[in-house]
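Have the sequence and the model at hand while reading.

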Amino acid sequence: MKPTVAPFPAARLRRIRQSASVRALVRENTLSPADLIWPVFVRDGTDIEEPVPSMPGVVRRSVDRIGDAAREAAALGIPAICIFPYIDQSLKTADCAGAWDPDNLSNRAIRAIKDAAPDIAVMTDVALDPYNINGHDGFVVDGEIINDATVDALVKMTVAQANAGADIIGPSDMMDGRIGAMRSALEKAGHQNVMILSYSAKYASAFYGPFRDAVGASGALSGDKNTYQMDPANSDEAMRLVERDLNEGADMVMIKPGLPYLDICRRVKDTFGAPTFAYQVSGEYAMIRAAEQNGWIDGQKVMMESLMAFKRAGCDGVLSYFAPEAARLLNG
Ligand code: PBG
């Protein structure tokens, strides 16, 4: 549809910007707490809320403190929490067995959230990196990140998370064939209602730096993730990945990182019409916080503007570390 505009002065496009009420009337997109998924970091121990230095305002919580976050989300109208575990270096192994342990940190956190706030949807991260001695999302054999054996391990991890009560499985590993394998394992295990939000278009991005600090994977990671995560130069490839994942049974798809990839969000939404999410990742969060702390930008306004940009680009929702602060603002 081509917009038609009358010649000046019949058309004065500023007319619809003249007051707050008129601007509210013609506003095309809205942002609400219901659009947000809050990523939270969990760690071992008791009674701990430990700041993540590269992500001011973000903490790692012990499992006994995760219920507080769940109740906070419920009170603020945030519908979902996504759990990321910080695993001690000494517990990382090459076989990554911790990943499918029914009592691992993230599975205990799932149960704690379900106890504290049963209506909050719990999302997980499926990838081996928190448990892997070399920091990769898959098994490494002779320097190669091997696909099929990794998928088998990710399937075990998925079923363990579903058994613990996860509502939404979030595969962030970028292996091939994982969505179909996870879907059929979930069906077989009686988890027909457990959803998959696939990190379909996940780019090999330097914007993940602060996250790798937060989960203790920075030191562990050897090399880069370029053989499985996407080349930032590509867009058509993202369409193929999203189509593939939807065909394998993904219920929802994600683009990651967020703000630098809004063109991908728009293309995905327009092409497939599926529930589409973006992840405003750690580096995006850290940049806004750092500029705010320097007094260079108004942090709150930039936060809200950046979140609205995702809605404008066609996203149904956003994973953001700003979730609780943004929800508080939106709730007045
Ligand atoms: C790991 C994973 C990463 C993020 C989410 N899951 C990092 C990576 O792929 O190295 C990044 C999140 C963020 O930066 O906020 N599979």
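The sections below describe a predicted model, beginning with a strand and ending with a helix.

## Strand E4

Strand E4 covers residues 80-85, and six of its six residues are buried, so the strand is largely enclosed by the rest of the structure. Buried here means under 20% relative accessible area.

## Neighbouring strands

E4 pairs with strand E1, residues 36-43, in the parallel sense, and six bridges join the two. In this pairing, tryptophan 38 has isoleucine 81 of E4 as its bridge partner.

E4 is also joined to strand E5, residues 121-123, by three bridges, and these two strands run parallel. Isoleucine 81 has valine 122 as its bridge partner in E5. Between E4 and E5 the chain passes through helix H3, residues 105-116, in a right-handed β-α-β crossover.

## Helix H3

H3 has 12 residues and reaches 16 Å from its first C-alpha to its last, which is close to the 16 Å expected at 1.5 Å a residue.

Which residues of H3 are buried? They are Leu105, Ser106, Asn107, Ala109, Ile110, Ala112 and Ile113. In an α-helix, residues three or four places apart point the same way, because there are 3.6 residues a turn. The cover over the buried residues of H3 includes E1, E4 and E5, together with helix H2 (66-76) and helix H4 (148-164).

Technical notes:
Residues are numbered from 1 along each chain as its sequence is written. This is a predicted model: local features need pLDDT of at least 70, side-chain atom pairs count only at pLDDT 80 or more; totals for chains, interfaces and linings use all residues. Side-chain values use heavy atoms; hydrogens and water are left out. Buried means under 20% relative accessible area, exposed over 50%, partly exposed in between (1.4 Å probe, protein chains only). Helices (H or I, at least four residues) and strands (E, at least two) are DSSP runs, numbered from the N terminus. Two strands pair if DSSP finds at least two bridges between them. A crossover is right-handed if, with the strands pointing away from the viewer, the path from the first strand over the helix to the second runs clockwise. The expected span of a helix is 1.5 Å times one less than its number of residues. Contact means heavy atoms within 4.5 Å.
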